[in-house]
Amino acid sequence: MLYNSVDLVMTDIDPINGTDTDIDSSLKRVTAPVSNTSWHLEEMSEMGEALFCKWVELVELRTGIRISEMRKSFLLSKLSIRMREIKIDDYQQYFDVVNDKRCGQVEWETLVDRLTVHETRFWRDESIFQLIEKEYIEKNNLLNNNRLDLQVWSVGCATGEEPYSLAVWFEHYCTMNNIDNRQGIHATDISLAALATAREGLYPQSRLTNIPEHYLNYYFTKKNKDKYKINDNLKERVCFTKLNLMDVDSFPFSDFDIIVCQNVMIYFDQELRIKLLNAFADYLKVGGILILGAGEMLGWNHPKMESLNFQSTLAFQRAYE
Ligand SMILES: C[S@@+](CC[C@H](N)C(=O)[O-])C[C@H]1O[C@@H](n2cnc3c(N)ncnc32)[C@H](O)[C@@H]1O
């Protein structure tokens with residue numbers, strides 16, 4: 001049978017519980033028969049229940065991401081696309097490749113990029129800027145210092161839109177208030193490919209539509225017909241580093257003023273979410289703020305943290321030592 005291949009469209013979905021119509025319909029498109037093509041894709045071997053469980057365990061152990069039975073089609077499509085690229089047609093054989101002690105790590109780095117969802121955009125959640133201004137800068141009278149000296153951590157930064165949005169907002173805010181911007185951002189993610197895109201800081205115009213025009217004009221440079229690059233002075237404020245949240249305690253920095261972790265927790269089970277939030281609490285300085293995506297964590301209590309009620313945001317403040 002002849003097949004045609006198209007890129008999968010990924011959206012933020014809950015991989016633990018969610019059914020994902022985009023991926024499922026894309027999968028159908030990937031395997032939809034077409035005529036008049038002069039090539040074909042090899043059929044993959046079957047993946048039995050026991051092997052599926054082994055893959056699920058491996059992915060969860062290494063990334064924290066739980067793939068439910070309902071999302072088996074997601075796993076199969078991601079694995080099979082990669083396996084076709086390296087000409088393997090057996091899921092067990094590929095499992096052995098990524099577990100190979102000598103060279104499995106290199107293949108795993110590629111696969112992990114395929115298994116993670118990097119859906120993101122500039123200015124994704126504007127309310128966090130107001131939260132930072134009202135609940136942190138103004139309440140701590142930071143404008144009186146004539147300089148803004150904040151350390152920010154963007155956790156699960158994907159291709160850079162979140163940390164660059166923060167960098168742009170801070171720069172503009174300081175300019176408007178005539179104060180010296182000394183703010184720096186650590187941005188981390190598990191995907192090396194996403195981090196490479198982020199470090200480049202070059203985005204097609206279609207990915208910049210959310211940014212208010214004056215920010216685009218001031219803080220980006222048009223590179224060609226439809227690409228814009230974040231200006232170097234802002235790019236230099238953001239340090240992109242690989243960090244797997246399964247090793248969150250290995251992150252060698254501390255005393256953050258602000259930690260932003262949005263649309264990342266949804267991939268993890270409750271136990272891991274709690275472990276991560278407890279770790280973030282320790283990474284904040286007293287008074288520091290943890291900002292999550294709305295609805296991403298319910299029922300979390302921590303002796304050092306207090307909940308912040310600000311518009312529709314989900315945020316906590318480290319109130320105690
Ligand atoms: C949907 S994106 C969110 C991007 C951005 N925070 C936003 O809200 O626009 C989720 C990101 O979490 C990252 N991620 C998933 N599991 C991770 C892990 N175990 N450690 C670090 N990053 C992880 C993915 O690679 C992906 O880039």
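Mentor: What follows goes through the strands of one sheet, then another sheet, and then a group of helices. The model is predicted, so to speak of local features a pLDDT of at least 70 is needed, side-chain atom pairs count only at pLDDT 80 or more, and totals for chains, interfaces and linings use all residues. Residues are numbered from 1 along each chain as its sequence is written.

Strands (DSSP runs of E, at least two residues) and helices (runs of H or I, at least four residues) are numbered from the N terminus, and two strands pair if DSSP finds at least two bridges between them. Strands of a sheet pair through backbone hydrogen bonds, either parallel or antiparallel. Seven strands form an open sheet with mixed pairing, in the order S8-S4-S2-S9-S10-S12-S11. Strand S8 (238-242) and strand S11 (305-308) stand at its edges, and each has a single partner strand, so one side of each is left without a neighbour in the sheet. From one strand to the next, the twist averages 20°, where axes are lines fitted to C-alpha atoms, for helices over the stretch in contact, and angles run from 0 to 180 degrees between N-to-C directions.

Within this sheet, strand S2 (residues 151-155) runs parallel to strand S9 (residues 256-261), the two being joined by three bridges, and Ser154 stands opposite Val260 in S9. Val260 also stands opposite Ile291 in S10, and five bridges join S9 to strand S10 (residues 284-292), again in parallel. From S9 the chain crosses through helix H11 (residues 270-283) to S10, in a right-handed β-α-β crossover; the term applies if, with the strands pointing away from the viewer, the path from the first strand over the helix to the second runs clockwise. S10 is joined to strand S12 (residues 314-318) by four bridges, and these two run antiparallel, with Leu290 opposite Phe316 in S12.

A further open sheet has three strands in the order S5-S7-S6, paired antiparallel. Its edges are strand S5 (202-204) and strand S6 (220-224), each with a single partner strand, so one side of each is left without a neighbour in the sheet. Four bridges pair S6 with strand S7 (residues 227-230) in the antiparallel sense, and Asn224 stands opposite Lys227 in S7.

Turning to the helices, the axes of helix H4 (residues 91-99) and H5 come within 6 Å and cross at roughly 110°, which makes H4 roughly perpendicular to H5. Angles under 35 degrees count as roughly parallel, over 145 as roughly antiparallel, 65 to 115 as roughly perpendicular and the rest as oblique. In this contact (C-beta atoms, placed from the backbone, within 7 Å), Val97, Val98 and Asn99 in H4 meet Gly104, Glu107, Trp108 and Leu111 in H5.

Helix H3 (residues 72-85) and helix H5 (residues 104-115) have axes that come within 10 Å and cross at roughly 140°, and that makes H3 oblique to H5. Here Lys78, Ile81 and Arg82 in H3 meet Thr110, Leu111, Arg114 and Leu115 in H5. The residues of this contact divide into three nonpolar, one polar and three charged, where Ala, Val, Leu, Ile, Met, Phe, Trp, Tyr, Cys and Pro count as nonpolar, Asp, Glu, Lys and Arg as charged, and the others, Gly among them, as polar.

Definitions and conventions. Contact = placed C-beta atoms within 7 Å.
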